[in-house]
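Please read these points with the structure open beside you.

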Amino acid sequence: MCRLFELYGKETNLKLFVKELPPLENAGPQKCLAFSIDGSRFATGGVDGHLRILEWPSLRVIVDEVRAHISFQDMDFSLDSEFLASTSTDGSSRIWKTEDGRPFMTLARNSDEKIELCRFSKDGTKPFLFCTVQKGDKAVVVVYDISTWKKIGHKRLLGKPASVMSVSLDGKYLALGSKDGDICVVEVKKMEISHWSKSLHLGAAIATLGFCPNQRVVLTTSIQWGAMVTKLNVPADWKEWQLYLLLLGLFLASAVAFYLFFQNSDSIWNLPRAREQQTRPKIDSFVGGCSV
């Protein structure tokens, strides 16, 4: 049975209320759950392969697909909430239209490949879908262009099977957690590892992995070691006041450069002064004094 937990109060006085969700009352064990970026929809994928997409908070059922997969493994909404990507324990991955629940397509893969985890890009400029793919003992991250749904590249990053994947809210970083407790954080623009924590959850699979909304830290959990907060060794982001200070400095530097150029140039802007103009002979009087 699925339940909704609502948290009320402040830090010193928190209360937890449990509510039932009628559409999921007899849903059975669920393997994954995801909310859309705008919070208007959420989806659940069951161990039995049952897919449900509901409006939030009205709980109106949009999709109720009994045989979406053999058994769900992972799912994620696109940035505009138009698509839902889902993966199955048999290695397949499907794309769904969230408006009507229509199966849009199945991602292409080789017969010896298993697509395990999926996450959409979130920076608003690069419409990509990241998937972890296992091919024998080789684990890679494959990138799909969602305008064509074709593979555009792959790279070996974690180097071992991943148990969880996450993308930062600004879309700059992609994080992977391994089945033996490691995490690595990748800069999406370069697809290079920026941070690596080995044996963070020693010998235990990373169960959940999430980025802090306003700081470069991640929260990870595992059954054996509980929750941990890790500060990332990545370049600090520019603050808003730093950007304004930079713009002010550029403006002042431009003003000083223009002033120096004005003082030392012989351009038309350096007009003669009134006293200098009086000492110069007039052209008409000079012409009048000449005899032919």
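**Notes on the model**

1. Five of the six residues of strand E7 are buried (under 20% relative accessible area, with exposed over 50% and partly exposed in between, for a 1.4 Å probe and protein chains only), so E7 is largely enclosed by the rest of the structure. Strands here are DSSP runs of E with at least two residues, numbered from the N terminus.

2. This is a predicted model, in which local features need pLDDT of at least 70 and side-chain atom pairs count only at pLDDT 80 or more, while totals for chains, interfaces and linings use all residues. Residues are numbered from 1 along each chain as its sequence is written, and side-chain values use heavy atoms, with hydrogens and water left out.

3. E7 runs antiparallel to strand E8 (residues 83-88), and five bridges join them; two strands pair if DSSP finds at least two bridges between them. Phe72 has Ser88 in E8 as its bridge partner. The hairpin of E7 and E8 has five residues between the strands, and Ser81 takes a positive phi near 65° there.

4. How much space lies in the largest pocket? The volume is about 790 Å³. A pocket is an open set of points on a 1 Å grid over the protein atoms alone, with protein on both sides within 12 Å along at least five of seven lines; a cavity is a set where a 1.4 Å probe fits but cannot get out; lining residues have an atom within 4 Å of a point. Points are joined across faces, edges and corners, and a volume is the space filled by probe spheres set on them.

5. The largest pocket has 32 lining residues, with Asp74, Arg119, Val164, Met165 and Leu209 nearest its centre. Strands that give two or more residues to this lining include E7 (72-77) and E15 (162-167). E15 provides the largest share, six residues.

6. There is one cavity of 30 Å³ or more, and the largest cavity has a volume of about 80 Å³. It is lined by 14 residues, and Thr132, Ala139, Val140, Lys160 and Ala162 are the closest to its centre. E12 and E13 are the elements that give two or more residues to this lining.

7. The largest nonpolar core has 16 residues. Such a core is a set of buried Ala, Val, Leu, Ile, Met, Phe, Trp, Tyr and Cys residues joined through side-chain atoms within 4.5 Å. Phe130, Val141, Leu174, Leu176 and Met191 touch the most other members. E15 gives the most to this core, with three residues. A second, separate core of 15 residues includes Leu107 and Trp149.

8. Trp149 is buried, with a relative accessible area of 8%. It is in the loop between E13 and strand E14 (150-155). Its phi is positive, about 60°, although Trp149 is not a glycine. Most residues other than glycine have a negative phi, and most peptide bonds are trans.

9. Ser40 is in the loop between E3 and strand E4 (41-46) and is partly exposed, with a relative accessible area of 26%. Ser40 is in contact (heavy atoms within 4.5 Å) with Leu54, Glu55 and Trp56, leaving aside its neighbours within four places in sequence. The peptide bond from Trp56 to Pro57 is cis, with omega near 10°.

Key. Helices (H or I, at least four residues) and strands (E, at least two) are DSSP runs, numbered from the N terminus.
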